[in-house]
Amino acid sequence: MDIISALESLAPELEQGLNQASTAEDLESLRVTFLGRKGRLASIMSALPSLEPAERPAAGKAANRVKEELTSLFEAHRAKLLARAEDEFVQRFDPTLPGRQPWEGSSHPITLTMEKICSVFQKLGFDIEGGPEVETDYYNFEALNLPPEHPARDMQDTLYITDNIVLRTQTSAVQVHAMERRKPPLAIVAPGKVYRRDSDITHTPMFHQVEGLMVGENVTLAHLRGILTAFCQAMFGAETRVRFRPSFFPFTEPSAEVDISCCLCHGKGHSNGTPCRVCKGTGWLEILGCGMVDPAVYAYVNYPADITGFAFGLGVERVAMLTYGLGDLRMFFENDARFLRQFV
Ligand code: DAH
């Protein structure tokens, strides 16, 4: 067969092949077969030098024409496949389906817990107060009956900015600000961040507390018990039992720590024969510190000597871990969106 008729047979053959080609891969393999460096066209062209010189121009021209023809057959088929794919997509596309909703963000579990705590106390008539996180020694310690050199200062590892300025170690400092600003009677809660030089799996250098203070005429230990019992039951469930254990805080006298019956084992100390992992088998969980405000504190804020009141402080991370059943404090600070987006 002469070269020209060999060339001319290519286009009809390609057309046949294209009729069977339904994917991009089919198309590519045909392109390699016909137009590739070692393809059909190239192999016919390799015979060109063996032609008589007079026959070469016509054969060369035919080869170019056939190459263009093959190329345009390919392009036409490619366009056809593309249009078909688009058609199919449009048919499958359901414009009535809802779009993907981006995550709008949500409140941090610590924020949610702090809001919940405050809202329980607001319903009991407490106002929300705030104070600075950078404090003077006076507000963080001295006016809370912790003069310089007092051994109880060692209860907390303080982060000092200067000898006289600290990152507050306790929201108790807000008690002093509130009493300076306001005359009794008053009932306040102060949520906020506190800082200590402490970092391991159960301690972070920054954490959150809610402080409470109720001062007036004839505020007694019975009020403290009633209010804090009501709070614990609102927060952890009406069946929660509460006990008060004697303790020590420099700014309260007498002082107590409050335990609630364990929210996991309900005070039994065990479940299915094994010690409860939340309360470590005791049936009780320590939840807050409290006491009757020490008269020495009233002296610092010039309150009358016959005034009485109580104060309390609780750790928000601990409450959040108990209410959400979390085992690891670090989750609050890692900002893993998969964890955070579970809280709404
Ligand atoms: N400030 C204490 C602490 O950080 C907690 C506390 C205990 C606050 C007793 C109080 C209180 O108001 O009466 O450990």
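I'll talk through some aromatic pairs and then the ligand site in this predicted model.

Quick housekeeping: numbering starts from 1 along each chain as its sequence is written, and side-chain values use heavy atoms, with hydrogens and water left out. Since the model is predicted, local features need pLDDT of at least 70 and side-chain atom pairs pLDDT 80 or more, while totals for chains, interfaces and linings use all residues.

Okay, rings. Phe, Tyr and Trp rings (the six-membered one for Trp) pair if their centres lie within 6.5 Å; planes under 30 degrees apart are stacked, over 60 edge-to-face, the rest tilted. That rule gives 13 aromatic pairs. Take Tyr138 and Tyr139: edge-to-face, 5.3 Å between centres, planes at 90 degrees. Tyr138 also pairs with Tyr300, and that one is edge-to-face because the planes sit at 75 degrees, with centres 6.0 Å apart. Tyr138 is in helix α6 and Tyr300 in helix α9, so this pair ties together parts 162 residues apart in sequence.

Phe312 brings us to the ligand: a polar backbone atom of Phe312 is 3.3 Å from a ligand oxygen. Polar contacts are N or O pairs within 3.5 Å. From side chains, Arg196 puts a polar atom 2.8 Å from a ligand oxygen, and Gln209 has an N or O atom 2.9 Å from one.

Technical notes:
Helices (H or I, at least four residues) and strands (E, at least two) are DSSP runs, numbered from the N terminus. A polar contact is a pair of N or O atoms within 3.5 Å; within protein, one must be able to donate a hydrogen and the other to accept it, and residues adjacent in sequence count only if both atoms are side-chain atoms.
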